[in-house]
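Please look at the model before reading on.

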Amino acid sequence: MSDGFRKVAIIGLGLIGGSLAAALRARGMADSIVAGGRSARTLERGLALGLIDAGYQNLAEAVEGADLVFVAVPVSAMADTFAAIAPTLAPGAIITDGGSVKGAVIEAARAQLGAHRSRFVPGHPIAGKEKSGVDAADAALYERHRVILTPTPDTDPAATLVVRQMWTRVGAEVLTMRPDEHDRVLAETSHLPHLLAFSLVDTLARQGDSTEIFRYAAGGFRDFTRIASSDPVMWHDIFTENREAVLAATDLFAAGLARFRAAVAAGDSDALLGTMTRANTARARFLAMNARTSYTHIHTEQSMSTDSHSTGAPANPVFVVQPGGQLSGQARVPGDKSMSHRAIMLGALAEGVTEVEGFLEGEDALATLQTFRDLGVVIEGPHAGRVRIHGVGLHGLQAPSRSLYMGNSGTSMRLLMGLLAGQPFDCELTGDASLSKRPMERVAQPLRDMGAAVSTTDSGGKGTPPVRIRGGKPLKGIDYNMPVASAQVKSAILLAGLYAQGETRVTEPAPTRDHTERMLTGFGYPVQRDGASVTLNGGGTLRACQLDVPADISSAAFFLVAASIAPGSELLLPHVGINPTRTGVIDILRLMGADITVENERDAGGEPVADLRVKSAPLKGIVIPEALVPLAIDEFPVLFVAAACAEGDTILHGAEELRVKESDRIQVMADGLLALGVEAEVYPDGIRIRGAGQGNAAFTGGEIHSHGDHRIAMSFAMAALRASGEIRIHDCANVATSFPGFAELAARVGLQLAVQQ
Ligand code: NAP
């Protein structure tokens, strides 16, 4: 389309047709707009409302000379309408429609439009109102709504492009689909719910005492049946014209309803809770997708209200932190992410019900949780970190009905590859765009050596998701020397080893996190550890347990540093995991002079935990021992903040891995430090930071860009404790993924932090 259309003919000037006329008119997209219709009254109203320049009861006359024809009559009237306009259509005219069913309309166009059929672009605006008719026309109806186009192989792509641009210009988002796919998806998501609403109200209304029933009907009834107020004629057409897809959707639903009924009849709590918890999560996902925001965001929002109408852009909060202050009291930071994943996995495979507390409700661990629901495991929660997993035993997982979606979680995908390699069913593992670029062969290869049928997607030899696993392959134990140190590869092989015949042994070239083997022990599964090797035998049993997931030391690190640098602070961090592969941050802070005591050491599900007490102390700059670098790799951003407050220089080398984390953490931190007046020199593998020393403000106020990196954002929030002015940190949305509730917790113990949306 250049500047606009010369003449647009709308056939059927009701809600859908009238709204397009109004939208085109409001944007000056057509020199003239006319309508063709049945009743003179509608056309007169169209003229009076200023929607059209002329109205014709003779449809053939209406379309003469039009370069765009939009047909918006009921679906059952489409064939007659096409037959009426075909003889007078201009040679290059583009014809499109707004019908709610596509297969039947395409068939009608093929039969009636003759030579013009290749210029027919089938469409369906997903927008509407309970009112119909020309008086309900609304120029804004399509703004921020979707329009589905279903071109066929015969459709002229140039015509599709014109129609796409037209809808985009009136504010809609355009998607394309195959016509049969459109009709199936709409049958399931729109036609079936309407059918149910009509049917429920009618069924109850036919009862003798229906007036009484409706008098006492509560909000749930009103919400569920709202769409039974829709236009019966239009819906008659939809059910008739999309008959096959509506029948298939109804049968699918009838089977689900029968299962639900049977569960109620049998008092089968597992089946009831399973259905409803899966539905809860699926709805939260659906709302998140519609709001185009994160799953966790909607999940928390949903627990506050029963519905969400948010359709805007995702919120990207700004942290605004006032200078000074001190920290006191207790701060229980969220559970460890690695352990949250494993708690769900092993709880699902255990015999009995596992109760988990302290589960991290971040997107990644929630992806694991959802996957096990898809594999037939009943999981209640999470509610404030509490989860109850109704374990199905090592051999109780069920075949999923569709691909297992892992979102952005590499841990979920790699560990599940191992666990699913030994199942009797086939499955496919998929992820979001970023996970779909990450290599999976380093897990797939050793699993194949065990006898598994695992294939990755080639994408230039990188072996990426989707990963496909063929079930029913007997696995045998292996003795595997890992070429690279990776906790995920080690864990995947050990999980496959649970299903393998004989002994599985993994030897690592350098120490990696050992949460899987520790938690297996916590679930009563025998695991032998001998130096760099871990060994287990297949065919054992996991026993359900109570698990209080230790608080994540990586999250605790922000508070360890904050209380150390803010004079007069004393903070207790209860139940923090102190797995020796993770405690580098405590060692480094102590070398700098921090006052951290480890109290009440104990075991939680095989993991060492303790309460950490930290008091403010004068810090001094150090050369960080390279041996400690891998043990504190995620904590360096906040350690840099500690370094800026210490007396003298702190020097870090051997940390090139920091450059390939969620951001180039060395450069992004250096930029932030410089913006706040700190002197820093960047090396390829590290940094030197000049500290301000005790008693001085270490930072000026200023603006920080976290580049979407949650740890950068939280680190600079803590810097405000020793700043001379306000610090504003942009791009903080991702904090919720790793540390839900960070801002509230930090503010509660004394940080002067406010969140601007
Ligand atoms: P509407 O407001 O009732 O308008 C229908 C229009 O079609 C009226 O102008 C009417 O003319 C004309 N019409 C009705 N029966 C006809 C017949 N047998 N022959 C010729 N013209 C006839 O309906 P609408 O909501 O705009 O729906 C129009 C189309 O859009 C339908 O195909 C529907 O499936 C689709 N759609 C509707 C919605 C929605 O939510 N409403 C959403 C998406 C798509 P008179 O005024 O002269 O009676």
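Ala, Val, Leu, Ile, Met, Phe, Trp, Tyr, Cys and Pro count as nonpolar, Asp, Glu, Lys and Arg as charged, and the others, Gly among them, as polar. By these classes, the shell around the ligand has 11 nonpolar, 11 polar and one charged residues. The model is predicted, so local features need pLDDT of at least 70 and side-chain atom pairs count only at pLDDT 80 or more, while totals for chains, interfaces and linings use all residues. Residues are numbered from 1 along each chain as its sequence is written, and side-chain values use heavy atoms, with hydrogens and water left out.

Of the 23 residues around the ligand, Arg38, Thr42, Val73, Ser100 and Gly133 come nearest. Helix α1 (15–26) and strand β7 (123–126) each supply at least two residues of this shell; helices (H or I, at least four residues) and strands (E, at least two) are DSSP runs, numbered from the N terminus.

The table gives polar contacts, pairs of N or O atoms within 3.5 Å.

| Residue | Protein atom | Distance to a ligand oxygen |
|---|---|---|
| Leu15 | polar backbone atom | 2.8 Å |
| Gly98 | backbone N or O atom | 3.4 Å |
| Ser100 | polar side-chain atom | 2.7 Å |

Taken alone, the ligand exposes 890 Å², and the protein buries 80% of that (Shrake-Rupley method, 1.4 Å probe).

The structure holds zero disulfides, a disulfide being a pair of cysteine sulfur atoms within 2.5 Å. The sulfur of Cys732 is 19 Å from the closest cysteine sulfur, in Cys645, which is too far for a bond. Cys732 counts as buried (under 20% relative accessible area, with a 1.4 Å probe and protein chains only) because its relative accessibility is 2%. Cys427, at 8%, also counts as buried.

Notes. Near = heavy atom within 4 Å. Polar contact = N/O pair within 3.5 Å; in protein donor to acceptor, adjacent residues only side chain to side chain. Buried < 20%, exposed > 50% of the residue type's maximum accessible area, 1.4 Å probe, protein only.
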